[in-house]
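Colleague: Could you take a close look at the region where the two parts of this chain meet, and describe in one connected account what surrounds the open space there?

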Amino acid sequence: MDVIESDAIGRAVEALKGARAVVAITGAGISAESGVPTFRGSGGLWRTFRAEDLATPEAFARDPALVWEWYWWRRSRIAAARPNPGHLALARFEGRFPAFTLLTQNVDGLHVEAGSRDIIELHGNIWRARCTGEPRRVFDQRREMPGPDVPRCPCGALLRPDVVWFGEPLDPAAVDRAADAVRACDVLLVIGTSAVVYPVAALPSLARRGQAIVVEVNVDPTPLTAEADIVLRGPSGVILPEVERLL
Ligand code: OAD
C-alpha cells in the first residue's frame with residue numbers, strides 16, 4: 001500500500017472511530033473475490049448477456065424457461081462460492097458500532113452466510129422463488145435441483161425468481177428503511193458497486209446531505225468517486241479487513 005492509500009485508510013478509520021451510526025452499501029464487487037461474476041466491467045454478466053432478455057418482466061413473460069435456465073446457472077455459480085474476508089469483516093462490523101446497517105444490491109445471500117443479521121437485501125434473493133399469481137407466496141429453493149420444466153406454485157401459477165428486475169419497483173418498505181438509515185448515519189461505506197443503478201445510486205448524496213462522510217471502496221473509479229470524501233482503491237476483501245484491524 002503506498003503513502004496516499006495508507007493516508008486514505010487512516011482517514012477512513014478515524015471517521016469510523018468517531019461514528020455512532022454506520023451504513024454499508026454493497027454491490028457485486030464485494031462477491032467478486034468469492035468467484036461470483038459482477039455485472040459491468042471485465043467478465044461482467046452484462047458483457048455476455050443482455051439484461052433485456054433475462055432480467056425484465058417482459059423477458060420472463062416471453063420466455064420463462066430461458067430466464068429460469070439463466071437463474072439456475074447463476075445459482076450453480078453462487079452455490080460453489082463462500083463468503084470472502086470482505087463479507088466476514090462486514091459481518092463483524094455489526095458489533096463494532098452502536099448502529100450498523102448493511103444494504104446490499106446482491107442477491108447471492110453471501111452476507112447472511114457470512115453472519116450479517118441487520119441486512120436489507122434491496123434486490124431480493126436468488127435462492128427464493130415467488131408465485132406469479134400470489135406474490136406473497138414465497139418458496140426457499142436452496143435445496144432444489146433444476147427441473148426440465150419451469151417451476152410452478154402448488155396453485156398452478158408459474159414461479160419466478162424472487163429478485164428485482166429492471167423496470168420493477170423495489171420493496172417500498174425496504175427502500176424507506178434504507179433511506180432512513182442512510183439519512184441518520186455518520187459514515188456511509190459504498191463498497192464494490194458501480195453506483196449507477198437507482199435508487200441505490202441516489203443514497204450517497206442523501207448521506208452527504210445529512211453530513212455523513214462517504215467512503216468508497218472499489219478497485220476502479222465510478223461515477224461516485226468524485227463525490228466521495230475518502231476513496232479506498234483496492235479489493236474489498238483486502239481493504240475491509242485492514243480497516244477492521246486498524247479500528
Ligand atoms: P456492477 O457489476 O455494476 O459493479 C461492480 C463494481 O464492483 C464495479 O464498480 C467494480 O469496479 C467493483 N469491483 C469489482 N471487483 C471488486 C473487488 N474485488 N473489490 C471492490 N470492488 C470491486 O455491480 P452492481 O453495482 O452491484 O441489478 O450492480 C448494480 C445492479 O445492476 C445489480 O444489482 C444488478 C445489476 O444489473 C439487477 O439485476 C436489477
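Modeller: The centres of domain 1 and domain 2, taken over C-alpha atoms, are separated by 29 Å, and the contact (heavy atoms within 4.5 Å) takes 5 residues from domain 1 and 6 residues from domain 2. Domain 1 comprises residues 3-35 + 83-123 + 170-246, while domain 2 comprises 51-80 + 130-163; these bounds come from an automatic or database domain assignment. The model is predicted, so local features need pLDDT of at least 70 and side-chain atom pairs count only at pLDDT 80 or more, whereas totals for chains, interfaces and linings use all residues. Residues are numbered from 1 along each chain as its sequence is written, and side-chain values use heavy atoms, with hydrogens and water left out.

About 420 Å² is buried between domain 1 and domain 2, with carbon and sulfur atoms giving 50% of that area (the accessible area, for a 1.4 Å probe, that two parts lose on being put together, summed over both). On the domain 1 side, Gly-35, Val-107 and Asp-108 supply 63% of the area buried against domain 2, more than any other three residues.

The largest pocket belongs to this picture, because domain 1 and domain 2 both give residues to its lining and it therefore lies between them. A pocket here is an open set of points on a 1 Å grid over the protein atoms alone, with protein on both sides within 12 Å along at least five of seven lines, and its lining residues have an atom within 4 Å of a point. The volume of the largest pocket is about 1,000 Å³, counted as the space filled by probe spheres set on the points, which are joined across faces, edges and corners. Its lining holds 48 residues, and those nearest its centre are Ala-28, Gly-29, Thr-38, Phe-39 and Arg-40. At least two lining residues come from each of helix 2 (29-32), helix 3 (45-48), helix 6 (64-79) and strand 8 (213-218), with helix 6 giving the most, 5 residues. These elements are DSSP runs numbered from the N terminus, helices being H or I of at least four residues and strands E of at least two. By residue class, the lining of the largest pocket divides into 25 nonpolar, 16 polar and 7 charged (Ala, Val, Leu, Ile, Met, Phe, Trp, Tyr, Cys and Pro count as nonpolar, Asp, Glu, Lys and Arg as charged, and the others, Gly among them, as polar).

The second largest pocket has a volume of about 380 Å³, and of the 19 residues lining it, Leu-122, Gly-124, Val-164, Leu-170 and Asp-171 are closest to its centre. Domain 1 and domain 2 each contribute at least three residues to this lining. In the second largest pocket the division is 10 nonpolar, 2 polar and 7 charged.

A cavity is a set of grid points where a 1.4 Å probe fits but cannot get out, and a search of the whole structure finds 2 cavities of 30 Å³ or more. The second largest cavity holds about 30 Å³ of space, and its lining divides into 6 nonpolar, no polar and no charged residues.
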